[in-house]
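Let's take a walk through a protein model together.

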Amino acid sequence: ELRKSIDLLSDQFTKLSAAEKKTEVGIGILNRLQSEAKELNNVTAQSSKNFGKLNQTFLSIGDVITGGLIGGGIISTIQALGNGVKKIVEINSLISDLKADVRKTVGLTADEVNKFVESLQALDTRTSLEDLLKIGAIGGQQGIEGLSNITKFTAAIDKLKVSLGDEIPNVEDLVNGVSGLSNVLFGFTKDGDQITANLLKIGNSLNVLSASGKATAPVIIDFASRIGGSLAPLGVLPEKILALSAAFQEFNILPERGATAINNLVKDLGANVDLFAKKLSLNKEQLKDAFNTDPLDAFNIVLARVTELAGNDKSKLLNLLTELKQSGEGVSNVFLQLGKNQARFSELVGISAKSLTNITSLQNEYNVKNENAAASLSKLGKTISNIFTDPAVEQAIITISNGLINVIKFLSEIISVLSPVGLAFQITTKYTSELEKGYVSLSNAIEIG
């Protein structure tokens with residue numbers, strides 16, 4: 001009604017001549033217009049006050065998402081909602097896509113995916129819902145099936161992500177690396193409990209070994225994956241594969257060269273026990289038994305004997321390797337470095353073996369990193385993100401936004417009506433411009449208007 005009255009009075013006033021505007025009739029119309037404008041200003045002020053309250057509520061949580069917004073009245077509310085809704089839509093779109101990925105790779109129903117998301121949101125972890133869903137989707141690609149199994153898999157990987165995140169920050173690299181290594185060392189399984197146990201043991205060993213020397217988790221995973229594919233099927237124990245991988249990095253042996261060398265050496269030793277026994281004056285049956293028990297034990301016997309025969313004479317060592325039909329810089333590097341550091345390698349084997357019997361180190365690391373200040377902020381952000389991934393909340397924000405759009409349109413139309421009569425009140429040109437910018441921003445954010 002207020003709008004219609006102003007529209008009518010403005011039309012009447014603009015049709016008057018200059019002389020008529022100074023008459024009692026013209027002055028009366030102008031006074032009524034000024035009265036209506038004052039009423040409009042009061043309504044606008046009250047709306048700004050109400051929107052400001054809404055804005056403060058929104059900003060108390062929206063600041064965490066958007067990184068800070070401008071406060072104060074209807075304009076800042078529009079700007080806040082424009083940025084906030086855009087972010088909410090982005091979050092929901094991303095989560096929706098990731099849920100679809102999990103459903104596809106794991107083979108879940110829509111209801112199971114929602115239950116999976118609820119279980120992830122309930123985890124007391126600093127890891128974002130986005131990363132947890134990525135873990136689930138990759139787990140499905142790794143062959144994990146069923147709601148129970150993927151839930152256990154994701155929770156286990158989460159412990160590794162929090163604990164080893166400083167060394168392996170990329171969630172895809174972590175999941176692919178550790179789950180792949182688990183398949184190499186312990187064999188592929190779809191059993192959720194077994195998967196969890198295997199992943200946690202590997203994570204604990206990585207944490208212990210990286211804290212026991214200069215080896216790092218990413219390089220240990222790289223080495224172990226390269227040599228484990230050949231050595232594990234031959235019977236080499238997981239702790240020795242992990243220890244050898246840590247030793248290679250400590251001794252500055254490159255992954256590509258070192259892995260190729262040790263894989264070929266062990267294979268050649270198994271295929272040519274007679275040659276190695278004869279050239280090194282070793283008992284053939286004892287060497288063969290050692291290889292059949294654990295090929296790496298047989299290699300250590302050969303390594304110790306070559307080191308003993310060569311002494312400090314590198315030329316003699318190279319001649320011995322030639323007689324054993326072992327050539328290449330990688331092979332000589334392995335013998336030279338491991339030969340003079342056998343005590344350290346033995347120490348690492350002991351450390352590795354013990355680390356695979358429990359998950360104490362990993363759990364302690366997780367507890368520390370999941371409860372510090374950085375973790376608290378991450379959990380806060382995760383909690384807020386969880387709120388805005390609720391479809392009902394998203395719809396509520398969109399409904400509020402649509403209401404604000406209507407307010408903006410109304411105010412813009414009122415201003416266009418009042419402008420010809422030269423009425424000046426608190427809605428200025430700058431205010432109009434900001435409203436228009438807010439409308440465009442909000443419309444783009446929610447694709448309305």
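Let's begin at one residue and see who its neighbours are. Glu 250 touches Ser 212, Gly 213, Lys 214, Ala 215, Arg 344 and Leu 348, leaving aside residues up to four places away in sequence; a contact here means heavy atoms within 4.5 Å. Glu 250 sits in helix α11, which covers residues 238-250. Is Glu 250 buried or exposed? Glu 250 is buried, because its relative accessible area is 15%. For these words, buried means under 20% relative accessible area, exposed means over 50%, and partly exposed is in between, with a 1.4 Å probe and protein chains only.

Before going further, here is what kind of model you are looking at. This is a predicted model, in which local features need pLDDT of at least 70 and side-chain atom pairs count only at pLDDT 80 or more, while totals for chains, interfaces and linings use all residues. Residues are numbered from 1 along each chain as its sequence is written, and side-chain values use heavy atoms, with hydrogens and water left out.

Now step back to the whole protein. Its secondary structure comes to 22 helices and 0 strands; helices (H or I, at least four residues) and strands (E, at least two) are DSSP runs, numbered from the N terminus. Of the 449 residues, 46% count as buried. Among contacts between residues at least 6 apart in sequence, 71% join residues at least 24 apart.

How confident is the predictor? That is what pLDDT tells you, for each residue, from 0 to 100. The mean pLDDT of the protein is 78, and 68% of its residues reach 70 or more.

Next, find a pair of packed helices. Such a pair is described by the angle between the two axes and the distance between them. Helix α15 (residues 295-310) and helix α17 (residues 329-339) pack at about 80°, with their axes 10 Å apart; axes are lines fitted to C-alpha atoms, for helices over the stretch in contact, and angles run from 0 to 180 degrees between N-to-C directions. That makes α15 roughly perpendicular to α17, a label used for 65 to 115 degrees, whereas angles under 35 count as roughly parallel, over 145 as roughly antiparallel and the rest as oblique. Where they meet, Phe 299, Val 302, Leu 303, Val 306 and Thr 307 of α15 face Val 334, Phe 335, Leu 338 and Gly 339 of α17.

Finally, visit two loops. Most residues other than glycine have a negative phi. Asn 252, in the loop between α11 and α12 (255-271), has a positive phi near 60°. Asn 252 counts as exposed because its relative accessibility is 58%. Ser 281, in the loop between α13 and α14 (284-293), has a positive phi of about 55° although it is not a glycine. With 57% relative accessibility, Ser 281 counts as exposed.

Key
pLDDT = per-residue confidence, 0-100.
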